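Subject: Structure handover

Dear colleague,

Please find the structure below, with the sequence. My notes on it follow.

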Amino acid sequence: MPADPPLRLFAHRATWTSSGSILVLLAISGLAILGLVFLAAIWAGRESDAAALDRQRQLVNSRLLDQVRRVSQDIQLMGAGYASLLVADSATASGKSERAGATSAATFGKIATTVFGYNAAFLVTPAGELALQSDPETKRRFKWVRPLLQPMIQDLEATHHGVPGGPSSDPEPSRVELMRLEGRPSVAGVVSVTRSSKVDSQEANDGNRLYLVAFRFLDGVTLDTLSREQGLAGARYARTADQEQNEVAFEIEATASGDPIGFIIWRPDLPGSRVIGRLVPVLSVAGLVIAGLFFALMGRLRGSLRELSASEHHARHLSLHDVLTGLPNRALFATRFEQCLAALKSPGERAVLALVDLDKFKEVNDIHGHAAGDELLRGAVDRMNALIESGDTLARLGGDEFALLLPDVREGDVSYILLCNAIIEALSKPFQLRGGDVVVRIGCSIGIAAFHDAAQATSEVLRRADVALYEAKTNGRGRLVEYDPSLDHRVEARESLKNDLRLVLEDSAGLPDMADNPRTNAVGQLEVFFQGVHRADAQGNLSGAEALVRWRHPIQGLLSPDKFIPIAEEAGMIDQLGEWVLRNAAKAATNWPADMSVAVNVSPSQIRHRDFDRHVLSILTETGLTPSRLELELTEAALFNIDENAQGMLGKLRSQGIRIALDDFGTGFSSLSHLIQFNIDRIKIDRSFVRLLGTQAEGAAIVSAILGLSRTLGKATTAEGVETEGQRDFLVAAGCNDLQGFLFSRPMPPAEFLSSLRSTEAVRSTAISSSHG
């Protein structure tokens, strides 16, 4: 059915879409976090720069205010000094006081500009004229600054006119302002200077009052001092705000008008930018590392999601497919079967179910191991897949059983018969395993059930195909059988025989001693027959006997092992049956001569039983049979793939004197190593080789080779199926140890075998007595 690939593709795309969305969200989140870190660092730096710049502006403004206060203080001191000097000059010099006062004032002015650091100092009248004689340079300079200083003098003059009374002990009034003088930012101060004295107090009037005017430029030395004290890198004065990109300008405003008188420009100390500058390389490297780790994580996560998606897809595939062969499993096959039933609508439509069971697969698996069995299964699947079409479904139901669903078969179409025959032919060809070291042939059996009714249950169609398969297997295998209602009667008979066997085994378990408790009931009873084994010499005396189980059924009569042994193996009753046969055979053998042994067949299932050796020894103790008189016959398949525990049990039985025989030698996958590995005591030559004696030259060669190998290895030999005197003579001449077959005797019930044995012993005793007489 073609419905699965689109669904798988859709699920795969849905998984990738979801995973891709997660990756995108994670990528965006990671980049956003990284961006926030950078933005936070930049914001913190800028905030720090803004705080530092504001602090520097406040410091500059504070320094300017300090300059104003200092000038105010200085002008008071200088005014008081001038006043004292003028009073002293007027008291001592009398009529010559003007020249003396001028000389003293000039001297004091030089001291003021030199000591106090002012750029100029003038003594002027209230009218704004120089009060003393000055040199032309001083007059010219005062002339330029007079218009700017006159308003300050007038303000002080107005203050004097508004205050009644004469001079007092209070400081002289003064004015200090920021202004532009001579084109440069300056701080200027004006203070009143009174030149009256106590000697001539009546002259203390407006004519005796002068004004000291001094100013200091803010650029030059003052600015250098400010820059040095406040840490203003590259501070300079400019009339306009022409600062560079990395500089800041502070505007100086005139005190009187508020107009800008210039700008102080400097390179600000920005700790935030400095920190950012230092952090940028670190943050860049960290960002690159984080980005690398992030993208590595994204790659790893993407790989993990890819692996998870693949794992999910693989798990979904495993839940619907067989791990070994990759075929649909029982669950997916059931889904496909239901879809096939639902698609049957028109009367002419029908579908076919074929169950394919590999023949002899178990033998290959047991002999060559599970690895070879798995290789065989894959090879068989490849051959079947090469024959079926894309719309057909080949599924593995378990073990070596496969189901083939053909959904579109028209009425009267027999192509499915041809397909099944082609599968049988393909699987009957040799398989080369282990790189060609092992070559096996298996074949297959096929049961077919056609259906056309959508109302039919899946279980019923499977049952019909299974019935047909069982019929194919019981009729020789390597064939196909199509279901017919008459087959149900055979299945019922088989199931009835299985139930009867279970009942007869349960009854036999309660009555283990067949000889002492002969009983017949509704399901019959099991019996042990014995076929004598004769020495390969002229006398041909009995050396022992082989125990052969029979089932005396009340309806079907005396059943040979091939009729019910497979049923016992299938139903899991073979261990119970084998133990019953061994017990009754050992019990019967205790009545035989002490030199006669009894051979009992043992199934592979019995050997693999954990307590097999303990059960055997317990039966010998129970029946009183000497261990050296018991011979256990194992098939070659039973010796393959057994564990160390089973091998140890065989060794323990041999150590007690029990002998081990290899039955049907040469018919299976013979391995000469088994003869040594398991310490085989006897080799039984299969009847198929004995039958060739006298008819084909190959038969004599094979038998001679087996006998020669046995002598070389020191193994005893028994030939089965001896039916002619020619076969007997050849085997005796070739050196065979014992013979068994219809030429000597057929299998007989215990009582009849014992009676025959006693008659033979009586004849032998009579012959011995006659020879002595």
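Q727 is buried, with 7% relative accessible area (buried means under 20% relative accessible area, exposed over 50%, partly exposed in between, with a 1.4 Å probe and protein chains only). Before going on: this is a predicted model, in which local features need pLDDT of at least 70 and side-chain atom pairs count only at pLDDT 80 or more, while totals for chains, interfaces and linings use all residues. Residues are numbered from 1 along each chain as its sequence is written, and side-chain values use heavy atoms, with hydrogens and water left out.

Q727 belongs to helix α21 (residues 725-734). Helices (H or I, at least four residues) and strands (E, at least two) are DSSP runs, numbered from the N terminus. A polar atom of the Q727 side chain lies 2.9 Å from the backbone nitrogen of E723. This is given as a polar contact, that is, a pair of N or O atoms within 3.5 Å; within protein, one must be able to donate a hydrogen and the other to accept it, and residues adjacent in sequence count only if both atoms are side-chain atoms. Neighbours within four places in sequence aside, Q727 is in contact (heavy atoms within 4.5 Å) with V690, R691, L693, G721 and V722.

N737 sits in the loop between α21 and β23 (738-739) and is partly exposed, at 36% relative accessible area. Its side chain reaches the backbone nitrogen of T717 at 2.8 Å. With neighbours within four places in sequence left aside, N737 is in contact with H534, R535, A536, K715, A716 and T717. The C-alpha atoms of N737 and R711 are 10.0 Å from each other, and the two residues are 26 apart along the chain.

E182 is in the loop between β2 (174-181) and β3 (184-194), and its relative accessibility of 38% counts as partly exposed. K360 is in the loop between β8 (349-358) and α7 (361-368) and is also partly exposed, at 47%.

On helix packing, the axes of α15 (residues 612-623) and α17 (residues 644-655) come within 9 Å and cross at roughly 25 degrees. Axes are lines fitted to C-alpha atoms, for helices over the stretch in contact, and angles run from 0 to 180 degrees between N-to-C directions. The two helices, α15 and α17, are therefore roughly parallel to each other (angles under 35 degrees count as such). F612, D613, V616 and L617 of α15 meet M649, K652 and L653 of α17. By class, the residues of this contact are five nonpolar, no polar and two charged.

The largest nonpolar core has 73 residues, and F530, W592, V598 and L630 have the most contacts inside it. Such a core is a set of buried Ala, Val, Leu, Ile, Met, Phe, Trp, Tyr and Cys residues joined through side-chain atoms within 4.5 Å. Helix α13 (residues 574-589) gives the most to this core, with nine residues. Apart from it lies another core, of 34 residues, F361, L404, L419 and I424 among them.

For the chain as a whole, there are 22 helices and 23 strands, and buried residues make up 41% of the 773 residues.

Regards

Notes:
Angles under 35 degrees count as roughly parallel, over 145 as roughly antiparallel, 65 to 115 as roughly perpendicular and the rest as oblique. Ala, Val, Leu, Ile, Met, Phe, Trp, Tyr, Cys and Pro count as nonpolar, Asp, Glu, Lys and Arg as charged, and the others, Gly among them, as polar.
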